[in-house]
Amino acid sequence: MSAGTDTIEVHITDVSAAADDTRVFWLARTDGTALPTYAPGSHIDVRLPIGLVRQYSLCGADASAPVYRIAVKREPASRGGSAWLHSAAQVGTRLRIGTPRNAFSLSDTADQHLLIAGGIGVTPILSMAYALAASRRRYTLAYFARSDASVVFRTEFGRSPLADEAHIHVGLSPTATRGRIAGLLSAALPNTHLYVCGPPAFMEMTVSLARNMLGEQFVHQESFDPVVRVAGDEHEFSVRLKGRSDAIPVPAGKTVLASLREAGFDLPSSCEVGVCGTCMMRVVAGEPDHRDTYLTDDERAAGTCFLPCVSRSNSSVLVLDELA
Ligand code: FES
């Protein structure tokens, strides 16, 4: 299996503060040519010189612009990525990025789009709002932030073309937030699609309300937060690749991805925390124990996809295959 790691060399052309804990970076190709266009909601891998790969949503106003814009919130529990981008990255810094990928697409058939963002989850939502406004499709955007100082891109939300449909809610309690979102959902027209990105608890609440009020097929979500793993809940099992007879042991504390690589298989990966989908494989036999935040509930229930960077097995043997 090839790694699928096409990368592009870029440099930072501008850096600015977008909120008290968020920096915005503009990236351009070092050879001066245009970066690929992207669909609203897309993200890129950013490969940092300190050896980490992080995913950031593209949040420019124009997806066909030759440069990219990303916004990076400094996470207090940063494992190094956002801390490095806040402390060391500056104009001129060179980075390698992946080509845009999109698992958070706008529906082509919706009659209305309801965009809901919590905190830095506003970044993919922003590019969606610009695209909807440009194509004059019907949408409403609700952006929930914990404080005035943490509102990202406030100026843009306050002016054309977003001002009429974008509503910023600051400092609401969880109960008030839930009530506001339930109100938006109950006022939604038939065939409204909901898109949500934000912190895990915020997304969980919104998705569960929306599934009940709109239906599963109308709900789209994007998460960059890794799953929380519970220590001591892992047991050993084996994996086999389709067409091979050798079973590869996966001990507690080691991932399927690491075990397969150690056995000599060249498998792609990016986030390695179950949020990007890069490492996805097909389940041929066995019962997966999904621990990612990438697959939808329907995909989990179908039991045919598997993310070996975090997920494990409920059966003693799991048979996997590469995606075609
Ligand atoms: S590498 Fe990102 S989900 Fe596995």
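Guide: A search of the whole structure finds 0 disulfides, where a disulfide is a pair of cysteine sulfur atoms within 2.5 Å. C59 accordingly takes part in no disulfide, and the nearest cysteine sulfur, that of C197, is 11 Å away. Before going further, please note that this is a predicted model, in which local features need pLDDT of at least 70 and side-chain atom pairs count only at pLDDT 80 or more, while totals for chains, interfaces and linings use all residues. Residues are numbered from 1 along each chain as its sequence is written, and side-chain values use heavy atoms, with hydrogens and water left out.

C59 is buried, with a relative accessible area of 0% (buried means under 20%, exposed over 50% and partly exposed in between, for a 1.4 Å probe and protein chains only). C279 is buried as well, at a relative accessible area of 6%.

Turning to the rings, the structure holds 4 aromatic pairs, counted where the rings of Phe, Tyr and Trp (its six-membered ring) have centres within 6.5 Å, with planes under 30 degrees apart called stacked, over 60 edge-to-face and the rest tilted. One of them is the edge-to-face pair of Y38 and Y68, with 5.6 Å centre to centre and 85 degrees between the planes. This pair links distant parts of the chain, 30 residues apart, since Y38 lies in the loop between β2 (22-29) and β3 (43-47) and Y68 in strand β5 (residues 68-73); helices (H or I, at least four residues) and strands (E, at least two) are DSSP runs, numbered from the N terminus. Y38 is buried at a relative accessible area of 8%, and Y68 is buried at 0%. Another pair, Y143 with F157, is tilted, at 5.5 Å centre to centre and 50 degrees between the planes. Y143 sits in strand β8 (residues 139-145) and F157 in helix α3 (residues 154-157), so that this pair, 14 residues apart, also links distant parts of the chain. Y143 counts as buried at 0% relative accessibility, and F157 at 3%.

The strand of Y68, β5, leads on to a sheet. Here 6 strands form an open sheet in the order β4-β3-β6-β1-β2-β5, with antiparallel pairing, two strands being paired if DSSP finds at least two bridges between them. β4 (53-57) and β5 are the edge strands, each pairing on one side only. From one strand to the next the twist averages 40 degrees. Within this order, β3 and strand β6 (residues 94-98) pair in the antiparallel sense over 2 bridges, and R47 has R96 in β6 as its bridge partner.

Strand β12 (residues 237-241) is joined to β18 by 4 bridges, and the two run parallel, with V319 of β18 as the bridge partner of R240. Strand β14 (residues 281-285), by contrast, pairs with β18 in the antiparallel sense over 3 bridges, and V319 of β18 is the bridge partner of A285.

V310 and T293 are 17 residues apart in sequence and 9.7 Å apart in space, C-alpha to C-alpha.

Methods
Axes are lines fitted to C-alpha atoms, for helices over the stretch in contact, and angles run from 0 to 180 degrees between N-to-C directions.
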